[in-house]
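Here is a short report for a reader new to this structure. Look over the sequence and the model before reading on.

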Amino acid sequence: MSAGRSVLVPALDHPHAVVRARRALSASRLLRPGTALRLRRAGIARVLVTGGSARVALRGEITGREADELAAHLRGLVRNGCRHLVVDLTEVTYLARESAGVFFGTLRTLKDVEGSMVLQGACPRSTATLRCLGLGRLTEVCGAAQ
C-alpha cells in the first residue's frame with residue numbers, strides 16, 4: 001500500500017473482488033465496523049481525504065442530535081492530519097442553530113494547528129443562520145449557486 005491514506009481497490013467485476021476490496025479497506029483502517037452507521041447518524045454523506053485536506057459532504061437535517069457525532073468526526077479528521085476542511089452543505093435540508101456550534105468547535109481545533117475551513121453550498125436559510133451566529137466573520141461561508 002502506498003503512503004498516506006490511499007488504497008488500491010481492484011476492479012469490482014469479479015464476484016470475489018468486492019470481498020477483497022472490503023478486506024483491503026478494513027485492513028487499511030479506512031472502513032471499521034459500524035463506520036457507515038456512525039457517519040449517517042452524524043449527517044455525513046461522503047468524506048474525501050486527500051493529503052492534508054478533507055471534503056465532508058453533509059446531508060439531511062443537522063440538528064443537536066447529530067451535532068455530537070459530527071463534531072467528533074470533524075475533530076478526528078483534524079487529529080489525523082487534515083489541516084484544511086471543506087464542508088459541503090449542498091444536501092442539507094435544515095441546519096439548526098444549536099448544531100452550528102460544531103463549526104465553531106472545529107474552527108477552534110483547526111486554529112490550534114494553523115488550519116482552515118470553508119462552508120459551501122448552504123441554502124439561503126442556512127447561510128443566513130451561519131452568518132447571523134457570526135461564523136461568516138471567522139471562516140468563508142459560500143451559499144449555493146442560484
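## Terms and model

Helices (H or I, at least four residues) and strands (E, at least two) are DSSP runs, numbered from the N terminus. Two strands pair if DSSP finds at least two bridges between them.

This is a predicted model, in which local features need pLDDT of at least 70, side-chain atom pairs count only at pLDDT 80 or more, and totals for chains, interfaces and linings use all residues. Residues are numbered from 1 along each chain as its sequence is written, and side-chain values use heavy atoms, with hydrogens and water left out.

## The hairpin

Strand β1 covers residues 44-50, and strand β2 covers residues 53-62. They pair in the antiparallel sense, over six bridges. R46 has A57 in β2 as its bridge partner.

Two residues sit between the strands of this hairpin. G51 takes a positive phi there, near 60°.

## Helix α3

Helix α3 spans residues 64-79. Its 16 residues reach 23 Å from first C-alpha to last. That is close to the 22 Å expected at 1.5 Å a residue; the expected span is 1.5 Å times one less than the number of residues. Just after α3, G81 takes a positive phi of about 110°.

Buried means under 20% relative accessible area, exposed over 50%, and partly exposed in between (1.4 Å probe, protein chains only). The buried residues of α3 are E66, A67, L70, A71, L74, G76, L77 and V78. D68 also lies in α3, but D68 is exposed, at 62% relative accessible area. D68 and V102 are 34 residues apart in sequence, and their C-alpha atoms are 7.7 Å apart in space.

## The nonpolar core

A nonpolar core is a set of buried Ala, Val, Leu, Ile, Met, Phe, Trp, Tyr and Cys residues joined through side-chain atoms within 4.5 Å. The largest one here has 29 residues. L58, L85, L89, F103, L119 and L130 touch the most other members. Two or more residues come from each of β2, α3, β3 (84-95), α4 (101-112) and β4 (116-122). α3 gives the most, with six residues.

Contact means heavy atoms within 4.5 Å. Leaving aside neighbours within four places in sequence, L119 is in contact with V87, L89, F103, L130, L135, T139, E140, V141 and C142.

## Helix α5

T129 lies in helix α5, residues 124-132. T129 counts as buried because its relative accessibility is 16%. Beyond its neighbours within four places in sequence, T129 is in contact with L95 and R97.
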